[in-house]
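Please read it with the structure open.

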Amino acid sequence: MTFQIHRYPADLIDVVSLPGTGRVVIRPVLPQDLDLTARFFRDLSQSARYDRFLGPARQLPDELLRRFTEVDYADHCALVGEV
């Protein structure tokens with residue numbers, strides 16, 4: 001199955017201000033976010049990784065990383081927050 005991106009939903013981009021953290025840009029994920037997503041996961045504490053995935057994990061499997069970052073914006077969409 002070939003991965004195909006539909007129209008990027010730029011209308012979902014938003015900027016919010018959070019007390020103590022400043023400005024956060026919320027936007028749909030892009031395939032180019034794969035390395036950032038992997039690094040975010042690695043930087044989580046062991047207990048945070050356990051809470052998110054209900055088990056111990058040191059890194060995300062490649063298949064799951066692709067699932068999180070290769071979205072078609074039609075049937076599957078994911079958002080990221082950038083500080």
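How many bridges join E2 to E3, and do they run parallel or antiparallel? Four bridges join them, and the two strands are antiparallel. The points below start with the basis of the model and then return to this sheet.

1. **Basis.** This is a predicted model; local features need pLDDT of at least 70, side-chain atom pairs count only at pLDDT 80 or more, and totals for chains, interfaces and linings use all residues. Numbering starts from 1 along each chain as its sequence is written, and side-chain values use heavy atoms, with hydrogens and water left out.

2. **Layout.** The protein has three helices and three strands. Helices (H or I, at least four residues) and strands (E, at least two) are DSSP runs, numbered from the N terminus. The order from the N terminus is β-β-α-α-α-β. Along the principal axes, the C-alpha atoms fill a box of roughly 40 × 35 × 20 Å. Of the contacts in the protein with a separation of 6 or more, 54% are between residues 24 or more positions apart. Contact here means heavy atoms within 4.5 Å.

3. **Strand pairing.** E1 (residues 14-18) pairs with E2 (residues 22-28) in the antiparallel sense, over five bridges. Two strands pair if DSSP finds at least two bridges between them. Asp14 has Ile26 in E2 as its bridge partner. Val16 stands opposite Val24 in E2. Ile26 also stands opposite Gly81 in E3. The hairpin of E1 and E2 has three residues between the strands, and Gly20 takes a positive phi near 85° there.

4. **Ser17.** This residue sits in strand E1. Is Ser17 buried or exposed? Ser17 counts as exposed because its relative accessible area is 65%. The cut-offs are under 20% relative accessible area for buried, over 50% for exposed, and partly exposed in between (1.4 Å probe, protein chains only). Ser17 and Arg49 are 32 residues apart along the chain, and their C-alpha atoms are separated by 26 Å.

5. **Core.** Buried residues make up 25% of the 83 residues. The largest nonpolar core has six residues: Ala38, Phe41, Leu44, Ala48, Leu60 and Leu65. Such a core is a set of buried Ala, Val, Leu, Ile, Met, Phe, Trp, Tyr and Cys residues joined through side-chain atoms within 4.5 Å. In soluble globular proteins, nonpolar side chains tend to be buried together. Setting aside residues up to four places away in sequence, Leu65 touches Leu34, Thr37, Ala38 and Leu60.

6. **Phe53.** Phe53 belongs to helix H2. Phe53 is classed as partly exposed because its relative accessibility is 32%. Beyond its neighbours within four places in sequence, Phe53 is in contact with Phe41, Leu60, Leu64 and Phe68. Phe41 and Leu60 are members of the largest nonpolar core.

7. The largest pocket holds about 470 Å³ of space. It is lined by 20 residues, of which Leu36, Thr37, Phe40, Phe41 and Val80 lie nearest its centre. Helix H1 (34-43), helix H2 (46-53), H3 and E3 each give two or more residues to the lining. The largest share, six residues, comes from H1. For the terms: on a 1 Å grid over the protein atoms alone, a pocket is an open set of points where a 1.4 Å probe fits, with protein on both sides within 12 Å along at least five of seven lines; lining residues have an atom within 4 Å of a point. The volume is the space filled by probe spheres set on the points, which are joined across faces, edges and corners.

8. Most residues other than glycine have a negative phi. Leu54 has a positive phi near 55° and lies in the loop between H2 and H3. Leu54 counts as exposed because its relative accessibility is 73%. Tyr73 has a positive phi of about 65° and lies in the loop between H3 and E3. Tyr73 counts as buried because its relative accessible area is 13%.

9. **His76.** His76 is in the loop between helix H3 (62-69) and strand E3 (79-82). Which side chain does a polar contact of 3.1 Å join to that of His76? The partner is Arg67. A polar contact is a pair of N or O atoms within 3.5 Å; within protein, one must be able to donate a hydrogen and the other to accept it, and residues adjacent in sequence count only if both atoms are side-chain atoms. Not counting residues up to four places away in sequence, His76 touches Arg67, Glu70 and Val71.
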